[in-house]
Amino acid sequence: MIPFEWTQIMIGICAGTAISALYFAGLAYGMRIALRTTSPIRILSISATLRMVMLLGAGWVVTTQSGPWAFVGYGAAFFVVRFIATTVARIGAPA
């Protein structure tokens with residue numbers, strides 16, 4: 001049986017939750033700005049690039065500092081936050 005490093009997993013979950021929340025908040029903010037401008041492609045491209053660099057960079061730091069189990073927690077947290085963000089987007093943000 002493979003031993004789990006629960007401390008590393010929790011570090012990954014905490015970091016993944018925070019960074020993923022920033023990622024999806026940046027997506028919402030970028031979309032809001034892009035829909036108000038005459039050149040939305042430029043805004044969306046810059047926003048996507050910054051968000052991807054932030055997400056992948058933080059994942060790399062978490063993995064190199066805490067190990068592979070932290071990356072598992074980081075990835076799991078991203079998908080949980082993604083599910084929450086898409087659910088909120090579908091039903092509408094609370095007032």
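What follows goes from helix packing to the nonpolar core and then to the aromatic pairs.

The model is predicted. Helix H1 covers residues 6–34 and helix H3 covers residues 68–91; the two pack at an angle of about 40°, and their axes are 6 Å apart. The crossing of H1 past H3 is right-handed. On the H1 side, the residues in contact include Gly-12, Ala-15, Gly-16, Ile-19, Tyr-23 and Phe-24, while those on the H3 side include Ala-70, Gly-73, Tyr-74, Ala-77, Phe-78 and Val-81. Sorted by class, this contact between H1 and H3 has 15 nonpolar residues, six polar ones and one charged one.

Helix H2, residues 40–66, contains Ser-47. Is Ser-47 buried or exposed? Its relative accessibility is 13%, so Ser-47 counts as buried, the limit being under 20%. Leaving aside residues up to four places away in sequence, Ser-47 touches Gly-26 and Gly-30.

The largest nonpolar core consists of ten residues: Ile-19, Tyr-23, Phe-24, Leu-55, Ala-58, Val-62, Ala-70, Tyr-74, Phe-78 and Val-81. Each of H1, H2 and H3 supplies at least two residues of this core. H3 gives the largest share, with four residues. In soluble globular proteins, nonpolar side chains tend to be buried together. One member of the core, Val-62, has contacts with Gly-12, Ala-15, Gly-67, Ala-70 and Tyr-74, again not counting residues up to four places away in sequence.

Across the whole structure, a search finds six aromatic pairs. One of them joins Phe-4 and Trp-6, with ring centres 5.4 Å apart; the planes stand at 35°, so this pair is tilted. Phe-4 counts as partly exposed because its relative accessibility is 42%. Trp-6 has a relative accessible area of 55% and is therefore exposed.

Tyr-23 and Phe-78 form another pair, whose ring centres are 5.9 Å apart; with the planes at 70°, the pair is edge-to-face. Which parts of the chain does this pair tie together? Tyr-23 belongs to helix H1 and Phe-78 to helix H3, so the pair connects parts that are 55 residues apart in sequence. Tyr-23 is buried, at a relative accessible area of 15%, and Phe-78 is also buried, at 17% relative accessibility.

Methods:
Residues are numbered from 1 along each chain as its sequence is written. This is a predicted model: local features need pLDDT of at least 70, side-chain atom pairs count only at pLDDT 80 or more; totals for chains, interfaces and linings use all residues. Side-chain values use heavy atoms; hydrogens and water are left out. Axes are lines fitted to C-alpha atoms, for helices over the stretch in contact, and angles run from 0 to 180 degrees between N-to-C directions. A crossing is left-handed if the near helix is turned anticlockwise from the far one by less than a right angle, and right-handed if clockwise. Contact means heavy atoms within 4.5 Å. Ala, Val, Leu, Ile, Met, Phe, Trp, Tyr, Cys and Pro count as nonpolar, Asp, Glu, Lys and Arg as charged, and the others, Gly among them, as polar. Buried means under 20% relative accessible area, exposed over 50%, partly exposed in between (1.4 Å probe, protein chains only). A nonpolar core is a set of buried Ala, Val, Leu, Ile, Met, Phe, Trp, Tyr and Cys residues joined through side-chain atoms within 4.5 Å. Rings of Phe, Tyr and Trp (its six-membered ring) pair if their centres lie within 6.5 Å; planes under 30 degrees apart count as stacked, over 60 as edge-to-face and the rest as tilted.
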